[in-house]
Amino acid sequence: MFFTSQQRETIEALSELIIPTTDTPGAITAGVPEFIELIVAEWYDTEDRERFMLGLTEVDERTQALAGVVFSQSEADTQTEILSALETEGQARIMSEEDPPTPFFQQFRGLVLSGYYSSEIGLRQELLYQPIPGRFDGCVDVSEVTRPVSDGN
Amino acid sequence: MARQERYDAIVVGSGITGGWAAKELTERGLRTLVLEAGRSIDPENDYVMTTQAWELPFRGRRDRIRQERERPIQRECYACDEWSEKFFVRDDENPYTTEDGKPFLWIRSRQVGGRSIVWGRQVYRLSDLDFEANARDGFGVDWPIRYADIEPWYDHVERFIGVSGQAEGLAQLPDSRFLPPMNLNCAEQHVRESLMNHFGGERVLTIGRCAILTANHGGRRACHYCGTCERGCTTHSYFSSLAATLPAAAATGRMTLRPYSVVHSVIYDPTSGRASGVRVIDAETQESIEFHGRLVFLCASALESTRILLHSATERWPDGLANSSGQLGHNLMDHTMGGGAQGLISGMDDKWVYGRRPNGIYLPRFRNVSEQHPDFLRGYAYQGGGSRTGWARGNDMPGFGADFKHALRAPGPWQFRFYGFGECLPRESNQVTLDPDRVDAWGIPVLNIQCEWSDNERAALSDMSIQAAEMLEAAGASDISTFIEDNPPGLTIHEMGTARMGRDSETSVLNGWNQSWDVPNLFVTDGACMTSSGNQNPSLTYMALTARAVDYAVKQISDGRL
């Protein structure tokens with residue numbers, strides 16, 4: 001186990017906020033937090049890992065300052081407000097700086113997306129699962145293929 | 001004392017050319033030994049076609065840290081992913097050296113089937129525009145053959161492997177014997193028509209020509225469009241030696257296939273002036289074994305075949321066997337890749353594709369076909385195609401939450417990309433030699449590779465990106481952006497040359513039949529033989545030359561000349 005239980009709770013809350021449970025399961029059910037832990041612990045290089053950990057700490061610090069509790073304990077509105085602020089700040093940095101390191105929100109959301117859409121739930125329930133399509137047609141009506149076809153990755 | 005065994009013919013390598021040599025030799029009655037440096041592959045157990053991302057520890061991202069240790073070079077190839085990395089060599093066992101600042105990426109497989117298990121499957125004929133190229137502008141030596149010499153052998157190979165594609169009647173890219181073409185998608189059809197209107201017949205966008213079956217063929221099944229061939233295909237729908245030529249050779253009862261057989265050198269008999277066989281190191285036991293045969297076919301891949309010859313130096317040829325010309329190891333080529341442009345195509349938002357086509361578009365060479373471009377010689381062609389973006393565009397969209405998640409269910413805009421592949425001039429200074437200071441895991445000296453692009457290749461890359469943007473503009477694309485990638489030689493994995501064919505023994509290693517000028521029972525039929533590179537994906541030409549060389553060699557034997 002790489003993360004502390006508090007870090008894990010923050011990651012779970014952030015993941016589910018980005019890909020929530022709707023008519024299909026969300027990030028937590030799809031195992032996204034476990035995937036993020038694996039990538040941060042065993043795939044990231046030192047620089048990416050340090051940036052991730054700093055960003056994660058900052059999420060809880062900001063929530064403490066704003067609401068007096070850690071992120072996972074805060075109200076839904078507070079969580080959304082903080083995540084929106086992180087997104088806006090990150091986007092501003094991407095627009096204003098020449099080739100900046102990926103800001104925390106964008107880094108985290110990237111992990112959630114790749115973890116969710118490579119999970120069994122993401123590939124089989126959220127996307128249209130066609131492991132063996134059997135034919136190729138280059139021009140069909142979108143209505144015939146209602147969801148993005150999982151690309152096998 | 002080393003063990004010894006005798007055969008009619010020995011084929012070194014079991015990949016795309018070794019499989020062809022084995023098939024053609026055994027079908028002509030020769031008892032043939034096929035030596036493969038790597039392990040056996042069992043499609044039932046080794047292919048990972050049905051493995052899903054969630055079944056892999058890193059979900060397809062690959063184990064970055066282990067790959068950096070074991071495959072720091074191979075991982076540069078897109079196909080060396082978490083599914084398929086086992087089909088590529090370990091770099092720590094198979095080193096080679098380059099000079100600082102002159103990288104060359106040598107992407108390799110050692111296994112029964114070789115790289116034909118993970119190849120790109122694109123197949124294009126060369127034309128006389130290519131076979132006459134060296135003679136026309138003076139780079140390299142003249143090819144000893146012309147299109148008419150190889151045409152029946154292209155037919156022969158294509159009939160067996162199965163090639164899907166669309167006949168276009170272009171002189172610079174002769175049509176193959178085609179199975180039905182795969183469809184262009186809506187965006188590609190639109191770009192094809194726009195280019196027809198704008199450039200007349202000069203720039204023709206066609207579906208990629210590929211060795212993937214669109215109909216059942218020769219006991220192999222039509223493609224099921226799962227889309228990731230490089231994981232291995234259990235229905236054998238794309239051509240590989242493992243799926244097609246090696247089984248044909250085995251069916252004759254005359255093939256002996258020996259895996260784990262690292263060829264150390266060719267044995268030369270000065271009395272007869274012939275190659276008497278090869279010396280092998282058993283990769284599992286390190287035992288040294290000799291195999292003898294009347295014919296030796298080197299099909300180990302361009303640089304491995306040349307490495308074996310360099311390591312087979314004799315008193316008569318101290319710089320490598322069969323090297324009277326001094327050209328062995330020289331004139332290394334690869335194709336450039338990565339000049340191009342991309343843009344968005346509007347107006348087809350209600351259309352999409354069904355299935356995952358393992359193939360893209362091809363836009364054949366149009367430069368230096370009828371008039372000379374002021375900035376560069378030779379030409380280039382594009383691959384690429386149209387597609388609608390998927391969930392990954394979420395990384396560039398604002399937002400999160402339920403609306404964000406549901407927005408990613410719809411496909412994104414149609415994008416279109418032209419990605420160029422260019423010809424590389426044959427230059428003597430691009431070369432391989434044996435590195436005196438380093439050996440591989442079997443004690444065999446490794447190659448030192450010196451290869452650089454020249455201004456001619458760079459000028460063509462630049463033109464690729466400009467012309468790609470111009471064509472996208474003609475097709476009404478928006479948000480057009482150009483790119484010129486800085487890919488080192490080797491990464492296109494079309495490495496070729498270093499034992500070129502030619503018209504005389506003073507300037508070439510092989511004659512017009514892929515036969516060594518110096519050692520008449522020695523043939524080299526993989527990419528090492530190439531006299532120029534063209535800009536087409538080369539495997540089809542290697543296969544045709546191999547079949548042609550076997551036909552010649554066996555006739556020479558029956559005529560009593562070999």
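Student: Which residues does B:Phe297 touch, not counting residues up to four places away in sequence?

Tutor: In this predicted model, the contacts of B:Phe297 include B:Ala9, B:Val11 and B:Val12. B:Phe297 also belongs to the largest nonpolar core, where B:Ile10, B:Val11, B:Val12 and B:Phe297 touch the most other members.

Student: What pattern does chain A follow along its sequence?

Tutor: Chain A contains six helices and one strand. Of its 153 residues, 37% are buried, and its C-alpha atoms fill a box of roughly 55 × 35 × 30 Å along the principal axes. Read along the sequence, the pattern is α-α-α-α-α-α-β.

Student: Which element supplies the largest share of the side of chain A that touches chain B?

Tutor: The contact takes 35 residues from chain A and 38 residues from chain B. On the chain A side, helix H1 (5-18), helix H5 (104-116), helix H6 (120-126) and strand E1 (137-141) each supply at least two residues. By class, that side has 19 nonpolar, eight polar and eight charged residues. The largest share, five residues, comes from E1(A).

Student: Which residue of E12(B) stands opposite A:Val140?

Tutor: E1(A) pairs with strand E12 of chain B, residues 351-354. The pairing is antiparallel and runs over three bridges. In E12(B), the residue opposite A:Val140 is B:Trp352.

Student: Which strands are the edge strands of the open sheet of six strands in chain B?

Tutor: The sheet has the order E6-E13-E14-E15-E11-E18, with antiparallel pairing. An edge strand here pairs on one side only. The two that do so are strand E6 (206-207) and strand E18 (478-484).

Student: What angle does the direction of helix H7 of chain B make with that of E14(B)?

Tutor: E14 (residues 380-388) is joined to E15 (residues 414-422) of chain B by nine bridges, and B:Ala381 stands opposite B:Phe421 in E15(B). Helix H7 (residues 186-199) packs on the sheet, touching E11, E13, E14 and E15 of chain B. Another helix of chain B, H11 (residues 455-474), lies across E11, E14, E15 and E18, at about 15 degrees to E11(B). For H7 and E14(B), the angle is about 135 degrees.

Student: Is B:Cys223 buried or exposed?

Tutor: B:Cys223 lies in the loop between E6 and helix H8 (241-251) of chain B. Leaving aside neighbours within four places in sequence, its contacts are B:Ile212, B:Leu213, B:Thr214, B:Ser237 and B:Pro358. A residue needs 20 or more other C-beta atoms within 10 Å to count as buried. Because B:Cys223 has 28 C-beta neighbours inside 10 Å, it is buried.

Definitions and conventions: Residues are numbered from 1 along each chain as its sequence is written. Chains are lettered from A and ligands numbered from 1 in the order in which they are written. This is a predicted model: local features need pLDDT of at least 70, side-chain atom pairs count only at pLDDT 80 or more; totals for chains, interfaces and linings use all residues. A nonpolar core is a set of buried Ala, Val, Leu, Ile, Met, Phe, Trp, Tyr and Cys residues joined through C-beta atoms within 7 Å. A residue is buried if 20 or more other C-beta atoms lie within 10 Å of its own, exposed if 12 or fewer, and partly exposed in between; C-beta atoms are placed from the backbone. Two residues are in contact if their C-beta atoms, placed from the backbone, lie within 7 Å. Helices (H or I, at least four residues) and strands (E, at least two) are DSSP runs, numbered from the N terminus. Ala, Val, Leu, Ile, Met, Phe, Trp, Tyr, Cys and Pro count as nonpolar, Asp, Glu, Lys and Arg as charged, and the others, Gly among them, as polar. Two strands pair if DSSP finds at least two bridges between them. Axes are lines fitted to C-alpha atoms, for helices over the stretch in contact, and angles run from 0 to 180 degrees between N-to-C directions.
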